[in-house]
Structures are given as C-alpha cells and as structure tokens.
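Please look over the model shown here.

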Amino acid sequence: MQDEQILHQSEDEFGPLIVLDDKHMRVLSFGDNDEQSKLLKSEPHLPQHLYLQAMLLVLLFIKPKRVIILGLGGGGLIHALRNFDRGLKVTAVELRQGVIDIAKRYFQLPIGKKLTVEHQDAKQFLAKREHKKADVIFADIYDGQGVDESQLTEAFIADAAAMIKADGYLVLNCWKEHSQNLALLGHLQKHFVNVRACLTGSGNWVVFAGKQGCDMGAAEIKRSANQLGLQLDFNIGRHLSRFGLWE
C-alpha cells in the first residue's frame, strides 16, 4: 500500500496486530509482509483477496440460512455474505479479542441481530457441538505463520461435520501444498461424499466438502456462476478454470 498510515498497532499473546490505511484500502496485518484482511472502504462487500472470492463458490451449490465462520479477520467474508443475503444468520468464532475489537472499530463489521461473534478457540467451539447446525462452515484459521494445522486434522473435520446439516458444506482455506495432503483428503471423504477444490492465483487451495452428491454439470455450473457473480457484484466465474473434484 502506498502512502499508508498506521491506524492501530498493538500486541497480544499471539503476536502483533496492525491496521494500515491508504485512504482507499484498509489492511489488518499480523506481522511484516502479512495481509490477513483487506477492505475496500467504499465497497466493503467486494472481497479483495482471491481466496475469499473462491470460498464463495460454495454458494453455487447451496443457499444457506445459517453459517459459521471460524476465523474472523477483518470480516471480509461477512461483508460479502451479508451483501448476498441480508437475512443470513452468521456466527463468527475468533480466538483473539483484539481482532474482534479491530474488526468492529476499523473494518465496518455489520453488527446486528443476524451476526453473533464468539470469542473462543475454534477447535473448542466445534468440539463442544453446542451450536445449532449450520448449512455452511467456513474455516479460515490463520496466524502470522500461515494455516493453523489443527484445521487439517481428523478431529477438526469430524467435529465440523457434526455441526453441519445433512445437505451442508465445509469450506476450508488451505495452501497450495495441501493439495498433496492425502491424509486430509481421507479425513474429508470419511465424512463427506462430495469433495471439490479450487487453486487460486494467490497460492491458496480452497476445499469444498459436501454431505450430498452434486449432479450439476460444467455448463450448469458456469451459468450459475454468471448469476451468482451478479448477486455478489464481482466475477466469481473467473475461478472455475481451477475448480473441480479432489479425488
């Protein structure tokens, strides 16, 4: 970001928390050369990171009424989902109280009856299995070093599956190298019958695991993506060339 200024700088037990601003964009960072969240202030519903755009491909297969987001960041996913459907009920789970405070103060987090923010460890939240089942769980648990490896474990996948409705989806944001993680694929196939993935141009490997099969062909998916892009206000179809079954 050019001509950026530091709006906030603090540190908790997990590391730095930095908010940068350059008049148009606002960035949440957990360390040097790190962008956890990026917000276009004039149009906060437009995801600035490719992996966030790709995660929304799940909306091709299900129109959720209730979602759980593991890892709040600056709330970019919440903004996009709220723009898609203002009636959607969202529960966001975030380990760091500082991140929650920053999202509310600096990232226009849409506080209201449809949004619940839980200050809790995502693994513990899932393990308790006390929350109402969701149509979609989005897992985007990162720190300054990268993906939290716990979101790739059999226990995490099993607990998430138990919290998802019979026709629901788990969406995992991983790195490109996790496309070779056959143990992860095995965990997913144990609990889900339909596992797809998308490799983004930014090196993320976004996984979509559904509890029911999907008989949509390529042509139908493309048509649906065109319509979904109009609803989301960006070209989500650009990700289809790298989207397919993971098997």
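Which residues does Val193 touch, not counting residues up to four places away in sequence? The report starts there.

## Basis

This is a predicted model, in which local features need pLDDT of at least 70 and side-chain atom pairs count only at pLDDT 80 or more, while totals for chains, interfaces and linings use all residues. Residues are numbered from 1 along each chain as its sequence is written, and side-chain values use heavy atoms, with hydrogens and water left out.

## Val193

Val193 touches Gly210, Lys211, Gln212 and Gly213, leaving out residues up to four places away in sequence. Contact means heavy atoms within 4.5 Å. Val193 sits in the loop between H6 and strand E12 (194–199). Helices (H or I, at least four residues) and strands (E, at least two) are DSSP runs, numbered from the N terminus.

Val193 has 62% relative accessibility, so it counts as exposed. The classes are buried (under 20% relative accessible area), exposed (over 50%) and partly exposed in between, with a 1.4 Å probe and protein chains only. Val117 is 76 residues from Val193 along the chain, and their C-alpha atoms are separated by 30 Å.

## Helices H5 and H6

The axes of H5 (residues 154–162) and H6 (residues 182–191) come within 9 Å and cross at roughly 25°. H5 is therefore roughly parallel to H6. Angles under 35 degrees count as roughly parallel, over 145 as roughly antiparallel, 65 to 115 as roughly perpendicular and the rest as oblique. Axes are lines fitted to C-alpha atoms, for helices over the stretch in contact, and angles run from 0 to 180 degrees between N-to-C directions.

From H5, Glu154, Ile157, Ala158 and Ala161 meet Leu184, His187, Leu188, Lys190 and His191 of H6. These contact residues divide into 5 nonpolar, 2 polar and 2 charged.

## Asp159

Asp159 also lies in H5. Its relative accessibility is 15%, so Asp159 counts as buried. Beyond its neighbours within four places in sequence, Asp159 is in contact with Leu126, Ala127 and Arg129.

## Nonpolar cores

The largest nonpolar core has 45 residues; Leu56, Val58, Ile69, Leu81, Phe138 and Phe208 touch the most other members. Its largest share, 5 residues, comes from helix H2 (residues 76–84). A nonpolar core is a set of buried Ala, Val, Leu, Ile, Met, Phe, Trp, Tyr and Cys residues joined through side-chain atoms within 4.5 Å.

Not counting residues up to four places away in sequence, Phe138 touches Met55, Val58, Val67, Ile68, Ile69, Leu70, Leu77, Leu81 and Val171. Another core, of 30 residues, lies apart from the largest one and has Ile68, Ala197, Trp205 and Ala209 among its members.

Technical notes
Nonpolar A, V, L, I, M, F, W, Y, C, P; charged D, E, K, R; others polar.
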